[in-house]
Amino acid sequence: MEKSNLIKQNHIVVPNYKVDDKEVSFEIYISPKQEVCIIGKLDNNYICWCSITTITDYENNSAIFQYVSNLQTKTISNYYKALGDRYKEVKNWHRMQISKRPYQNQYLYYSPVNSSFFTESKYFGREIYTFYKQERAKCDYRLIDDAYITILKRYKSILNKVNQEYGYYHEMNPLIRIIKDESYIKLCPISEIRQLYLECLEKCDDLYNRYMTEIR
């Protein structure tokens with residue numbers, strides 16, 4: 001199974017605090033071409049697994065979950081080193097997360113797809129596929145006509161308002177929330193629409209970073 005792991009010897013990092021005993025959660029990125037990047041996440045800084053498969057590779061995806069969730073010795077890296085040239089591309093894919101939550105006096109993996117808990121690996125591949133189908137359907141309905149493209153262009157114009165004060169971030173918070181809630185647009189098969197959406201997201205992040213720089 002380790003041959004599927006994109007984390008190689010030259011990608012290993014030495015954390016400046018203890019992470020190898022942390023519980024693994026799964027961050028899954030899905031592309032508009034139905035590629036799947038499975039990340040075994042230790043915390044916001046470090047990961048122990050990174051692989052790229054496809055939506056329909058149920059058995060392999062489930063086997064990865066089984067393997068990574070039971071890792072005894074973890075190979076520590078980070079997103080940037082593991083993904084290399086594909087880092088920015090993958091980070092712009094649609095994301096879901098599966099992590100452990102308390103349930104009936106124990107901790108089980110929780111899937112947001114059907115608000116369900118599970119322990120058996122066979123459910124992991126199915127949850128990824130179901131998530132994709134549900135989110136792609138949202139995307140298709142959102143783009144049922146050209147109205148949303150016009151809306152995105154208007155969003156971008158508002159976010160790009162000239163002569164902004166750093167507090168403009170607070171004024172834009174409701175719009176930023178709307179935009180981030182529509183992350184399923186990252187699954188759109190039309191690259192021009194995806195790019196317009198990603199430009200809006202990038203501007204949201206710029207406003208936040210500028211605000212944080214000013215208040216520091």
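This is a predicted model: local features need pLDDT of at least 70, side-chain atom pairs count only at pLDDT 80 or more; totals for chains, interfaces and linings use all residues.
Let me begin with helix α5, whose buried residues are Y148, L152, Y155 and L159. Seen down the axis of α5, these buried residues fall within an arc of 55°, so they line one face of the helix. The arc is taken from the directions that run from the helix axis to the C-beta atoms. Buried here means under 20% relative accessible area, exposed means over 50%, and partly exposed lies in between, with a 1.4 Å probe and protein chains only. Helices are DSSP runs of H or I with at least four residues, strands are runs of E with at least two, and both are numbered from the N terminus.

Residues are numbered from 1 along each chain as its sequence is written, and side-chain values use heavy atoms, with hydrogens and water left out.

What do the buried residues of α5 pack against? They pack against α4 (122-142), α6 (168-181) and α7 (191-215), where contact means heavy atoms within 4.5 Å. The length of α5 can be checked as well.

I turn now to charged pairs. Side chains of opposite charge can pair when their charged atoms come close. A salt bridge is counted when a side-chain nitrogen of Lys or Arg lies within 4 Å of a carboxyl oxygen of Asp or Glu. How many salt bridges does a search of the whole structure find? The search finds 13.

One of them joins the side chains of K100 and E23, at 3.4 Å from N to O. K100 lies in strand β4 (residues 94-103) and E23 in the segment before β1 (25-30), so the pair ties together parts that are 77 residues apart in sequence. K100 is partly exposed at 31% relative accessibility, and E23 is partly exposed at 48%.

A further bridge links K180 with D205, whose closest N and O atoms are 3.6 Å apart. Since K180 lies in helix α6 and D205 in helix α7, this pair ties together parts that are 25 residues apart in sequence. K180 is partly exposed, with a relative accessible area of 43%, and D205 is partly exposed at 36%.

The side chains of E127 and R126 also meet in a salt bridge, at 3.1 Å from N to O. Within this pair, E127 is buried at 1% relative accessible area, whereas R126 is partly exposed at 41%.

A few loop residues deserve mention. N78 lies in the loop between α1 (58-69) and α2 (79-83). The side chain of N78 reaches the backbone nitrogen of K81 at 2.8 Å. Leaving aside residues up to four places away in sequence, N78 touches V13, N45 and I47.

Finally, the backbone angles. Most residues other than glycine have a negative phi, and most peptide bonds are trans. Q34, in the loop between β1 and β2 (35-41), has a positive phi near 70°, and Q34 is partly exposed at 32% relative accessible area. Q104 has a positive phi of about 50° although it is not a glycine. Q104 is found in the loop between β4 and β5 (106-111) and is exposed, with a relative accessible area of 60%.

How values were computed. A polar contact is a pair of N or O atoms within 3.5 Å; within protein, one must be able to donate a hydrogen and the other to accept it, and residues adjacent in sequence count only if both atoms are side-chain atoms.
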